[in-house]
Amino acid sequence: MGAAEGGLDSSAKVLDGRRMEITGDGAFALLGIRCLSCGARSHPARRHCPSCGGPAEVTQLSTAGEVIVATVAHTARAELLIQPPYQVVLVRLSDGPVLKLPSLASRPLRAGDAITVEPLVLAGAAGPVVAMQACPVGSFRE
Amino acid sequence: VSDVEIAGVGLHPFGRFPDLTAADLAAVAVERALAMADLQVQDVDAVFCGHAIAGSAGGAAVMLEAGITGVPVVNLDAACASSSVALSLAASAVESGRYGTVLVVGYEKMEPGMLRSARALDPVGDLLGIEAQPPSYALKAKWYMDRYGVTSSDLAAIAVKARTNGARNENAHLRKEVTVEDVLHSPMIADPLTRFQCCPSSDGAAALVLTARRPAAHNPKVRVVACEIGNQFGDAQVTGGIEENTTRDLAGRVYERAGIGPGDIGIAQVHDAFTPGEALRTEALGLCPDGEAARWAAERKTWITGSMPVNTDGGLLSRGHPIGATGAAQIAELYLQLTGQAGQRQKDPAPGTAVAQNTGGGENAATVVTLLCR
């Protein structure tokens with residue numbers, strides 16, 4: 001169904017098209033914007049820059065980043081696509097944007113840990129959906 | 001907003017009331033507020049209603065239950081800050097001369113379980129649980145503890161204070177006192193926050209009467225000096241919204257407008273949906289040095305008998321959190337404190353200046369900072 005070898009199914013549904021896309025070759029792309037006025041990069045994709053309100057262009061962001069702070073959620077609403085315990089981390093991408101991500105990594109993430117933003121395929125109500133998570137560098141798909 | 005007075009306040013007790021409707025709750029709060037103001041329903045020129053969950057645009061129907069008809073009813077949703085936004089707009093309406101007497105009403109019937117994320121149009125945040133309130137506040141707690149060397153016991157002291165104050169508040173949802181050990185040994189919700197460091201989901205209602213006229217002689221005058229609204233998007237901030245920059249900015253604006261500084265504040269209400277909320281926001285208001293608010297709770301400086309009382313009615317952690325009603329309930333408590341009517345939780349002597357801070361939707365629905373003076 002259009003999946004490149006080792007990649008994602010390009011027809012798979014992404015959970016939020018402002019945040020990510022699957023390219024034609026099945027690669028995961030983290031989306032954001034670059035402000036045409038102030039140059040700031042941010043996530044997710046928006047029409048305008050959240051810092052200055054200037055016009056923006058959609059851009060692919062680096063998936064490399066660093067943990068600012070992390071926690072473990074032990075409770076959650078039943079209808080969520082992931083269930084506790086799972087980690088929630090605030091990360092700063094090497095491009096600058098800050099975003100909050102889940103992580104299903106088996107080892108606890110801590111401030112300063114290097115991570116990459118990776119696709120996370122989950123069972124949605126109408127079939128598989130692609131979300132994203134923070135993975136510690138060196139232990140992805142552990 | 002210097003010529004706007006609060007003439008009366010009223011609450012329906014906060015808690016779980018499965019047999020009552022939102023209209024039942026709001027009607028009681030309105031009746032009590034009007035009685036305190038010595039006014040009748042016919043004196044009301046307009047109503048500003050804050051509610052976020054208890055039915056879309058329900059304010060007019062709810063006000064019918066209170067006997068208020070034939071006047072404009074404005075519905076406002078800013079998540080947990082809904083009735084503070086209502087207060088800000090109502091105060092402006094009175095100050096402008098458009099209305100003479102206005103009701104601010106907040107009410108809610110909460111759904112059981114954890115709140116959904118208030119971030120609109122964000123399926124990642126909502127369906128992955130990362131924008132839910134417990135992990136969001138847990139990130140604040142971890143960041144705060146790491147940055148300032150604050151202990152779990154210090155943070156737990158905020159919950160102990162809340163329950164102690166709530167035990168003295170007949171309108172509070174949770175009225176059983178707890179110890180630091182009770183707090184730390186309650187079930188873990190989101191590390192490091194245990195259940196007793198999380199506010200309950202409560203039903204409830206609160207009402208305020210605003211007037212440009214002097215209230216009845218038996219009610220000393222309380223003025224709404226400033227009531228400012230701001231919004232924040234965490235992903236545009238250096239630390240992703242963990243720091244309370246919106247509150248800090250708004251506090252600076254209201255103090256400047258009043259020509260005072262944080263050292264002039266005698267009592268405060270801050271949005272303590274979870275313990276780190278009180279710590280970070282008390283500091284953002286300038287009421288204590290950064291990194292010290294949890295330790296101040298442990299040292300009882302923010303207790304009723306302390307130098308800077310915070311959340312004397314138990315706050316969200318004990319009074320409860322019917323989200324549309326919370327902002328108005330904060331103002332009601334400050335009104336009672338400023339006028340010496342807070343009973344067994346009265347700060348002695350009654351303070352002359354108070355500040356309230358209320359946050360909705362992790363600051364992106366609204367943050368409101370309000371300054372009151374006697």
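Colleague: Which residues does B:A298 touch, not counting residues up to four places away in sequence?

Modeller: The model is a predicted one. B:A298 belongs to helix α10 of chain B, residues 293-298. With heavy atoms within 4.5 Å taken as contact, and residues up to four places away in sequence not counted, the residues that B:A298 touches are B:D154 and B:A157.

Colleague: How far apart in space are B:A298 and B:Y148, C-alpha to C-alpha?

Modeller: In sequence, B:A298 and B:Y148 are 150 residues apart. In space, their C-alpha to C-alpha separation is 15 Å.

Colleague: Is B:A298 buried, exposed or partly exposed?

Modeller: Buried requires under 20% relative accessible area and exposed over 50%. B:A298 has a relative accessibility of 42%, and therefore counts as partly exposed.

Colleague: B:A294 also lies in helix α10 of chain B. Is B:A294 buried or exposed?

Modeller: B:A294 touches B:Y144, B:V150, B:D154, B:L155, B:I158 and B:A279, leaving aside residues up to four places away in sequence. B:A294 and B:T275 are 19 residues apart in sequence and 8.5 Å apart in space, C-alpha to C-alpha. Because its relative accessible area is 0%, B:A294 is buried.

Colleague: Which residues of the largest nonpolar core touch the most other members?

Modeller: This core has 83 residues. Its largest share, seven residues, is contributed by helix α5 of chain B, residues 133-148. The members that touch the most others are B:Y144, B:Y255 and B:V355.

Colleague: Which residues does B:V355 touch, not counting residues up to four places away in sequence?

Modeller: Contact here again means heavy atoms within 4.5 Å. With residues up to four places away in sequence set aside, the list for B:V355 is B:Y255, B:I265, B:I267, B:A268, B:Q269, B:L285, B:L287, B:L334, B:V369, B:T370 and B:L371.

Colleague: How many residues are in the other core, which lies apart from the largest one?

Modeller: Members of this other core include B:L87, B:A91, B:Y99 and B:A325. The number of residues in it is 43.

Colleague: At what angle do helix α8 and helix α9 of chain B pack?

Modeller: Two packed helices are described by the angle between their axes and by the distance between those axes. For α8(B), residues 245-258, and α9(B), residues 275-284, the axes are 8 Å apart. The crossing of α8(B) past α9(B) is right-handed. Their packing angle is about 35°.

Colleague: How many charged residues does the contact of α8(B) with α9(B) have?

Modeller: On the α8(B) side the residues are B:T247, B:R248 and B:A251, and they meet B:R281, B:E283 and B:A284 in α9(B). By class, the contact comprises two nonpolar residues and one polar residue, and the charged residues number three.

Colleague: How many residues of α9(B) are buried?

Modeller: The buried residues of α9(B) include B:T275, B:L280, B:R281 and B:E283. The helix is mostly covered, and the count of buried residues is ten of its ten.

Colleague: Which residue just after α9(B) takes a positive phi?

Modeller: The phi in question is about 80°. The residue is B:G286.

Colleague: Which residue is joined to A:P44 by a cis peptide bond?

Modeller: A:P44 is placed in the loop between β4 (41-42) and β5 (56-61) of chain A. Omega is about 0° for the bond, and the residue joined to A:P44 is A:H43.

Colleague: How many disulfides does a search of the whole structure find?

Modeller: A disulfide requires cysteine sulfur atoms within 2.5 Å. For A:C38, which is in no disulfide, the nearest cysteine sulfur is that of A:C35, 3.6 Å away. For B:C373, also in no disulfide, the nearest is that of B:C227, 13 Å away. Over all chains, the number of disulfides found is zero.

Definitions and conventions
Residues numbered from 1 in each chain as written. Chains lettered and ligands numbered in written order. Predicted model: local features only at pLDDT ≥ 70, side-chain atom pairs only at ≥ 80, totals over all residues. Heavy atoms only, no water. Axes fitted to C-alpha atoms, helices over the stretch in contact; angles between N-to-C directions. Helix = DSSP H or I, 4+ residues; strand = E, 2+ residues; numbered from the N terminus. Left-handed = near helix turned anticlockwise from the far one by under 90°. Nonpolar A, V, L, I, M, F, W, Y, C, P; charged D, E, K, R; others polar. Core = buried A, V, L, I, M, F, W, Y, C linked by side-chain atoms within 4.5 Å. Buried < 20%, exposed > 50% of the residue type's maximum accessible area, 1.4 Å probe, protein only.
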